[in-house]
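Biologist: I'd like to learn how to read a structure feature by feature. Could you walk me through this one?

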Protein chains: 2
Amino acid sequence: MATIVVEVMLKPEILDPQGQAVAAALPRLGFTFATSVRQGKRFEIEVAGTPTAERLAEVEKAAETLLSNPVIETFLVKVEA
Amino acid sequence: MATIVVEVMLKPEILDPQGQAVAAALPRLGFTFATSVRQGKRFEIEVAGTPTAERLAEVEKAAETLLSNPVIETFLVKVEA
């Protein structure tokens with residue numbers, strides 16, 4: 001049993017209203033550390049057995065077709081330690 | 001300039017309809033690798049300067065009060081390499 005993580009973020013050139021809302025809310029709550037905030041999605045996928053290169057390629061394909069919209073988003077596939 | 005990442009996931013005992021929808025859709029598209037899927041949020045926060053322990057503590061506090069709902073979610077604060 002292993003966990004494969006897919007991180008999906010909007011491309012830098014795409015406007016991110018959710019992230020902007022967070023960035024605007026932080027100073028109102030007294031948090032002044034952020035210069036910018038981007039919000040994305042995170043998928044934790046449990047797979048049986050060890051994650052082989054073949055399986056990771058399959059996850060990449062799924063990330064591209066189901067988990068992200070490649071027109072506006074980028075994704076990253078990681079094996080969780 | 002550094003990037004601090006906050007990962008927010010539903011607690012394991014909380015039902016995750018989004019993750020379940022993804023888990024149900026994967027086999028319909030021919031992907032059979034997943035035994036379970038959980039969906040969460042990911043925030044990329046840009047901060048000026050280097051992320052000190054003090055600043056990370058501030059981000060933890062913001063994650064607890066603004067970025068997550070501690071009743072149903074857990075979060076993890078990381079400094080991106």
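Biologist: Let's start with one side chain: is Leu56(B) buried, partly exposed or exposed?

Modeller: Quick ground rules before that. This is a predicted model, where local features need pLDDT of at least 70 and side-chain atom pairs count only at pLDDT 80 or more, while totals for chains, interfaces and linings use all residues. Residues are numbered from 1 along each chain as its sequence is written, chains are lettered from A and ligands numbered from 1 in the order in which they are written, and side-chain values use heavy atoms, with hydrogens and water left out. Now the scale: buried is under 20% relative accessible area, exposed is over 50%, and partly exposed is in between, using a 1.4 Å probe and protein chains only. Leu56(B) has a relative accessible area of 24%, so it is partly exposed.

Biologist: And where does Leu56(B) sit, and what does it touch?

Modeller: Elements here are DSSP runs numbered from the N terminus: helices are H or I with at least four residues, strands are E with at least two. Leu56(B) belongs to helix H2 of chain B. Contact means heavy atoms within 4.5 Å. Setting aside neighbours within four places in sequence, Leu56(B) is in contact with Ile4(B), Val77(B) and Val79(B). Arg38(B), on the other hand, is 18 residues from Leu56(B) in sequence and 26 Å from it in space, C-alpha to C-alpha.

Biologist: What about Glu54(B): buried or exposed?

Modeller: Glu54(B) is exposed, with a relative accessible area of 67%. Glu54(B) also lies in helix H2 of chain B. From Glu54(B) to Gly40(B), 14 residues apart along the chain, the C-alpha separation is 26 Å.

Biologist: How about a loop residue: where is Ser68(A)?

Modeller: Ser68(A) is in the loop between H2 and strand S3 (73-79) of chain A. Ser68(A) is buried, at a relative accessible area of 9%. Leaving out neighbours within four places in sequence, it is in contact with Val8(A), Ala63(A), Glu73(A) and Phe75(A). The C-alpha of Leu29(A), 39 residues away along the chain, is 32 Å from that of Ser68(A).

Biologist: Which residues of H2(A) and H1(B) meet?

Modeller: Ala62(A), Leu66(A) and Leu67(A) in H2(A) meet Val22(B), Ala25(B) and Leu26(B) in H1(B). By class, that contact has six nonpolar, no polar and no charged residues. Nonpolar covers Ala, Val, Leu, Ile, Met, Phe, Trp, Tyr, Cys and Pro; charged covers Asp, Glu, Lys and Arg; the others, Gly among them, are polar.

Biologist: What about H1(A) and H2(B)?

Modeller: Helix H1 (residues 17-28) of chain A and helix H2 (residues 53-67) of chain B pack at about 110°, axes 11 Å apart. H1(A) and H2(B) are therefore roughly perpendicular to each other. Val22(A), Ala25(A) and Leu26(A) of H1(A) make the contact with Ala62(B), Leu66(B) and Leu67(B) of H2(B).

Biologist: Last one: how many aromatic pairs are there over all chains?

Modeller: A pair of aromatic rings is described by the distance of the centres and the angle of the planes. Rings of Phe, Tyr and Trp (its six-membered ring) pair if their centres lie within 6.5 Å; planes under 30 degrees apart are stacked, over 60 edge-to-face, and the rest tilted. A search of the whole structure finds two aromatic pairs. The ring centres of Phe31(A) and Phe33(A) are 5.9 Å apart with planes at 55°, so that pair is tilted. Phe31(B) and Phe33(B) form a tilted pair too, at 5.9 Å centre to centre and 55° between the planes. Phe33(B) is buried, with a relative accessible area of 4%.

Terms used. Axes fitted to C-alpha atoms, helices over the stretch in contact; angles between N-to-C directions. Parallel < 35°, antiparallel > 145°, perpendicular 65-115°, else oblique.
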